[in-house]
Amino acid sequence: MPEIFGIPTSALFGQLLIGLINGSFYALLSLGLAVIFGLLNIINFTHGAQYMMGAFCAYLLVNKLGLGYWWSLAIAPLAVGITGVVIERTMLKQLYKLDHLYGLLLTFGLALIIEGLFRNEYGSSGQPYPMPQELTGGRNLGFMFLPTYRAWVIVASAAVCLGTWFVIEKTRLGAYLRAATENPQLVQAFGINVPRMITLTYGFGVALAAFAGVMAAPIYQVSPQMGSSLIIVVFAVVVIGGMGSIMGSILTGFGLGVIEGLTKVFYPEASNTVIFIIMAIVLMFKPAGLFGREK
Amino acid sequence: MTHQKWVFALMVAFFAAAPLVVYPVFLMKVMCFALFACAFNLLIGFGGLLSFGHAMFFGSASYLAAHAAKVWGLTPELAILFGTGGAAALGIATGLLAIRRQGIYFAMITLALAQMMFFFYLQAPFTGGEDGIQAVPRGRLFGLIDLSNVWAMYATVLVVFLGGFLLIYRAVYSPFGQVLKAIRENEARAISLGYDTTRYKLMAYVLSATLAGLAGATKSLVFQLASLTDVHWSMSGEVVLMTLVGGLGTVFGPVIGAAVIVTMANYLAQLGAWVTVVQGVIFVICVLTFRRGIVGEIANLIKKPL
């Protein structure tokens, strides 16, 4: 068996693949956080719970209505996105004039409520979710075995991330969004409905989280706690990248996933903590984050 | 100022008399968490820094004190001192990183650092993993007073709590506390007045970490247990909730808040995950309609700071 640095290549590439998968989720979630933060100035602590809701939505669709993966991929982001819109309209809206920390506290409270409710209903153990039939199996690439579903997750997340980047950076709608991020009053004075834009942005960010949740359902088990530990890692990813740039969030997400995967190969004891350690190092040398702007 | 002395006297009288009617272990739990919340409040209420990782100080001190008492056989006061010192050292290390950013970034960084400590304690051999450090001996205070006696333990916790509380009170109303408030209100202005704001923030952070550690170390002797619960992020959330309910930036608020949340957790314990839901609902209600908290509302009513 071929080896690199005394590690069998199949193990190395296997962990790299897992790293890329985790990186896809980091990228999707930190992208959603960055988009929401840009316009609302709120760090959405509920993001992890909304990712979990996306996964549970897929689980319920297949078990109660018999609707499969592809349906879930469309319905779950929409449904969870709508709950996000309701949250923004009824609660977050009241906080924009206050210290940003209240937004963090409110969304933390909401995360506790959502997670607690799901834990009451479904217990703490994970529920399996069937892999879509079209994406089962895999192919042998010679140096490693590539399961089709995992390849799909990486390609699909990258596509969604790049699509979001394109809309925000290259279209007229995105130009409005970026302008409103810089100066909402001025944009409103030009006759653009900024409050509605804020609502829809929050809904979109939440929908991204739910989309990530559906993608994760066949790989990880669907459980009420799946979001809470992930969101803390994503916070670290966001601190490392800085929230100033959309592409920065995407690249940092994928990059850190790969680094985490490599750590599992070379020094597994540190695989849980490596992202936090990188965060500490980045804070020492570039406190605003790799792609962030000093204010 | 004098009315705060009366309220303080009332609080001392309450904690001195209450064990006659209320289960003492429960009161000791309230006092440990009250000190923890007061320490946390020093940072957010007076320094304007929201830490979402204070469980790392509480939990680290808890583990270190438990280890010192059980494995090394140190006397309780030395075990508590060791745990508190450990929390202070951790405060310096994490503080130097965290105060480089403000606002929500500060909250995210402290949360991430605390999660790193959580994984460290999960894997470190001396913590006993999921089991934690159990059956920690309470030992003899100064080698003389046997703390397995519940009244001796109670008196010790009361002294620790009141000592910590007075230290925070003193710090808040000292020139140091006033500079801290100035930084909270307008950091640029404080810098222009010639204050080294980074140093002040770091001092507040380390003091807060140290006292949170004192609370955690004491708690591990009271319950004779140090476990992963103490370093988990939900513990960081709980102390935020206690302070929020009692009143951010009030002197007595965190004590009331701790009493409310600990009592609630006690009554709702058999309901399992509903405790989390109720805590979340309280968070939402506090943020949306009750931002001053219990003591803050009372202070607003009588137009005097409490």
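User: What makes up the secondary structure of chain A?

Analyst: Chain A has 11 helices and four strands. Helices (H or I, at least four residues) and strands (E, at least two) are DSSP runs, numbered from the N terminus. This is a predicted model: local features need pLDDT of at least 70, side-chain atom pairs count only at pLDDT 80 or more, and totals for chains, interfaces and linings use all residues. Residues are numbered from 1 along each chain as its sequence is written, while chains are lettered from A and ligands numbered from 1 in the order in which they are written.

User: How do you know whether the radius of gyration of chain A agrees with that of a compact globule?

Analyst: The radius is taken over C-alpha atoms, and the globule rule is 2.2 Å times the number of residues to the power 0.38. For 295 residues a compact globule would come near 19 Å; chain A has 19 Å, so the two agree. Its C-alpha trace spans about 65 × 50 × 35 Å along the principal axes.

User: What makes a residue buried rather than exposed, and what share of chain A is buried?

Analyst: A buried residue has 20 or more other C-beta atoms within 10 Å of its own; an exposed one has 12 or fewer, and a partly exposed one falls in between, with C-beta atoms placed from the backbone. In chain A, 48% of the 295 residues are buried.

User: How does the span of helix H11 of chain A compare with the expected value?

Analyst: The expected span is 1.5 Å times one less than the number of residues. H11(A), residues 274–285, has 12 residues and reaches 17 Å from first C-alpha to last, close to the expected 16 Å. Its buried residues include A:Ile275, A:Phe276 and A:Leu283. The buried residues pack against H9 (228–241) and H10 (246–266) of chain A, and against H4 (76–98) and H5 of chain B.

User: Why is chain B called as compact as a globular protein of its length?

Analyst: First, its make-up: 13 helices and two strands. The radius of gyration is 19 Å, close to the 19 Å that the globule rule gives for 306 residues, so chain B is as compact as a globular protein of that length. Of those 306 residues, 52% are buried.

Note on methods
Two residues are in contact if their C-beta atoms, placed from the backbone, lie within 7 Å.
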